[in-house]
Amino acid sequence: MKVIITENYEELSKVTANIFAAAIKENPSIKLGLATGSTPVGLYEELVEMYKNNEVDFSEVITFNLDEYVGLDKTNENSYNYFMHENLFNHVNLKKENINLPDGMSSTIEQSLIDYQLKIENLGGIDLQIDGLGENGHIGFNEPDSALKLNAHVTPLTESTIQANSRFFDTIEEVPTSAITLGMGNIFASKAIIIIANGAHKAKAVNALVNSTEVTTQNPSTFLKLHPNVTVIVDKEAAKLL
Ligand code: F6R
């Protein structure tokens, strides 16, 4: 596991965007695994800026998002579909047909998840996966539990995740209580994984990810220690317990 500590959030976003841009240049039809939340907002801003400056071309890139709330339509401002369009997709030359997200409104969710995973597999798998880090160590929405799921699934969100995500909603009651997420097996099948985290509130989680000497389902991020190509990029604040 490679660890990069940056001065601040801006540098974290720039360093990560440079890795993305280089990977896209090397493989223009790269399959990117994308995430939402606060942490990657700066990364997406940087990528949009690079696109505007002709430094990166998304015309052949294919994207798969990690997760989506159950029950939120893509027109809902809190859906991850909406977030991705607002923060990245609407501003770069990604082809519509190359954008993939789990469908939180599907009436046949189980089948739609099988299809989603098959599409990833048939295209050769995700080359580069980005994700933030839950304060409780969740990866995607693979929440701490007595066992972790390998495949894409619907999961109830833990109280702490609902609390953490309520900042985006008017009231906590509006936060969906379940979500679709790719499973740990899907995430592990990615050829390279980058985890980004910033701010003192992530310091404990970052310390557990980097320094714990055991893997435990009670902290899903610790399983990343077993993956051969993981880079953790954190700002000074998030790195303060390392
Ligand atoms: C979102 C996702 C989540 C977030 C995590 C951190 O697609 O996969 O695991 O990365 O909850 O969220 P933020 O970045 O808002 O602190």
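Reader: How do the residues of the lining of the largest pocket divide into nonpolar, polar and charged?

Author: The classes come first: Ala, Val, Leu, Ile, Met, Phe, Trp, Tyr, Cys and Pro count as nonpolar, Asp, Glu, Lys and Arg as charged, and the others, Gly among them, as polar. Here the lining of the largest pocket has 10 nonpolar, 16 polar and six charged residues. This is a predicted model, in which local features need pLDDT of at least 70 and side-chain atom pairs pLDDT 80 or more, while totals for chains, interfaces and linings use all residues. Residues are numbered from 1 along each chain as its sequence is written, and side-chain values use heavy atoms, with hydrogens and water left out.

Reader: How much space lies in the largest pocket, and which residues are closest to its centre?

Author: A pocket is found on a 1 Å grid over the protein atoms alone, as an open set of points where a 1.4 Å probe fits, with protein on both sides within 12 Å along at least five of seven lines; lining residues have an atom within 4 Å of a point. Points are joined across faces, edges and corners, and the volume is the space filled by probe spheres set on them. In this model the largest pocket holds about 630 Å³. It is lined by 32 residues, and Gly37, Ser38, Asn165, Arg167 and Phe168 are the closest to its centre.

Reader: Which element gives the most to the lining of the largest pocket?

Author: Elements are DSSP runs numbered from the N terminus: helices (H or I) of at least four residues and strands (E) of at least two. Helix H5 gives the most, with four residues. Strand S4 (67-69), helix H3 (80-87) and helix H5 (159-165) each supply at least two.

Reader: What lines the second largest pocket?

Author: The second largest pocket, with about 380 Å³ of space, is lined by 17 residues, and Lys74, Asn81, His85, Ile99 and Leu101 lie nearest its centre. H3 and strand S5 (99-100) are the elements that give two or more residues to this lining, and H3 has the largest share, four residues. By class, the lining of the second largest pocket has six nonpolar, five polar and six charged residues.

Reader: Is Val61 buried or exposed?

Author: Relative accessible area, with a 1.4 Å probe and protein chains only, decides: buried is under 20%, exposed over 50%, and partly exposed in between. Val61 is buried because its relative accessibility is 0%. Val61 sits in the loop between helix H2 (41-52) and strand S3 (62-65). Beyond four places in sequence, its contacts (heavy atoms within 4.5 Å) include Ile24, Ile30, Leu94 and Asn98.

Reader: How many salt bridges does a search of the whole structure find?

Author: Side chains of opposite charge can pair when their charged atoms come close. The criterion is a side-chain nitrogen of Lys or Arg within 4 Å of a carboxyl oxygen of Asp or Glu. The search finds five. One of them joins Glu7 and Lys236, at 2.6 Å from N to O.

Reader: Where do Glu10 and Lys14 lie?

Author: Both lie in helix H1, four residues apart, about one turn of the helix. Glu10 and Lys14 form a salt bridge, with the closest N and O atoms 3.1 Å apart.
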